[in-house]
Amino acid sequence: MNDLGPKLKPEDRTLDQALRPHGWDEYIGQEKIKTSLKILLEAAKKRSEPIDHLLLYGPAGLGKTTLAYIMAREMNANIRITSGPAIEKVGDLASILTNLNSGDVLFIDEAHRLNKTVEEILYPAMESRMLHIIIGKGPSARTLQLDLPPFSLIAATTRVGLLSNPFRSRFGATFRLDFYNIEDIENILKRSANLMNLSAEPEALKQIAVSSRYTPRVANRLLKRVRDYAEVEGKGIVNQDIAKKALALLEVDHLGLESTDRRLIEAIIKKFNGGPVGLQALAAATSEELDTIEDIYEPYLLQIGFLQRTARGRIATKLAYEHLGLKPPAENQNLL
């Protein structure tokens with residue numbers, strides 16, 4: 001997997017933290033959600049209460065974690081960060097919850113990967129701030145009940161459909177983050193370039209924005225790699241020519257598609273005659289993990305109209321054929 005994948009290079013982690021917006025004035029885009037959250041936070045402050053439990057969902061890289069940080073900062077609250085896969089046992093969750101202080105924000109990323117047993121322990125914790133732990137087994141088992149301080153749970157997920165209905169219903173508000181528009185991505189890149197003390201021409205930033213998959217995380221990652229190219233092959237100035245050459249080296253085209261995106265589309269077209277094809281078969285044919293396809297690549301391919309999801313599987317659309325310079329087979333015309 002190349003630079004656009006979910007894994008961060010070690011040298012990027014500190015810079016990513018520096019580029020993360022720290023307040024509403026720095027957070028660009030998602031205007032409707034920001035307006036709703038500002039009202040929600042202001043009302044909680046007036047009542048001197050923690051904010052209600054919130055669920056944020058949408059494709060990866062759109063700013064769910066950043067929103068959680070900003071909300072905690074606006075409430076002058078400490079934020080505890082964890083993820084669904086990290087909470088393997090009930091004891092892990094109990095340890096986290098019993099160490100919370102009054103007003104703390106608990107942020108759980110990848111909430112759809114929470115163990116169902118752990119998820120059920122969260123129900124009373126969210127509703128009545130009670131933690132019920134069963135000690136022992138069989139007839140001698142007993143329930144230990146612990147009071148929890150007032151806290152706010154913010155959960156983030158890329159696959160909200162995998163959350164159980166009882167879990168989803170316990171959140172006071174749910175917000176879906178959408179892909180950004182090109183203008184917002186350009187403004188994000190301008191801010192990031194300033195923080196990086198990088199000289200970048202507007203045309204170059206627009207070139208990167210167009211190839212960013214409408215996603216801030218991808219845009220910033222591309223900007224860092226274009227900066228590297230400019231420092232080695234240029235004079236440290238990011239112009240349109242440098243941006244084009246750097247993106248070509250990364251195998252990122254003008255629509256933001258990278259080699260894995262093209263490999264997925266080509267597999268559907270060439271190995272499965274355009275589809276429909278099941279996700280497991282597609283993963284096996286491309287040697288990619290199911291979660292990687294669903295969370296990283298498929299949302300954008302659906303967004304730009306290169307894929308359709310049907311009950312029978314994934315189908316490559318006419319736009320996908322045209323992008324690869326291929327002609328759709330006649331028998332698939334009714335599916336495209």
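Predicted model: local features only at pLDDT ≥ 70, side-chain atom pairs only at ≥ 80, totals over all residues.
Residues are numbered from 1 along each chain as its sequence is written, and side-chain values rest on heavy atoms, with hydrogens and water left out.

The chain holds 14 helices and eleven strands, these being DSSP runs numbered from the N terminus (helices: H or I, at least four residues; strands: E, at least two). Its C-alpha trace spans about 65 × 50 × 35 Å along the principal axes. Of its 336 residues, 49% count as buried, a term that denotes under 20% relative accessible area with a 1.4 Å probe and protein chains only, as against over 50% for exposed and partly exposed in between. Among the contacts in the chain with a separation of 6 or more, 69% are accounted for by residues 24 or more positions apart, where contact means heavy atoms within 4.5 Å.

Strand 1 (residues 54-57) pairs in the parallel sense with strand 6 over four bridges, and also pairs in the parallel sense with strand 7 (residues 173-176), again over four bridges; pairing requires that DSSP find at least two bridges between the strands. On the side of strand 6, Leu56 stands opposite Ala156, while Leu55 has Thr174 of strand 7 as its bridge partner.

Helix 3 (residues 64-74) is largely enclosed by the rest of the structure, because eight of its eleven residues are buried. The buried positions are Lys64, Thr65, Thr66, Leu67, Ala68, Ile70, Met71 and Ala72, and these residues pack against helix 2 (31-46), strand 1, strand 2 (79-83), strand 3 (105-109) and strand 6. After helix 3 comes Asn76, which has a positive phi near 55 degrees.

Ser164 lies in the loop that connects strand 6 (152-157) to helix 6 (165-168), and counts as buried because its relative accessibility is 18%. When residues up to four places away in sequence are set aside, Ser164 touches Lys116, Glu119 and Tyr123.
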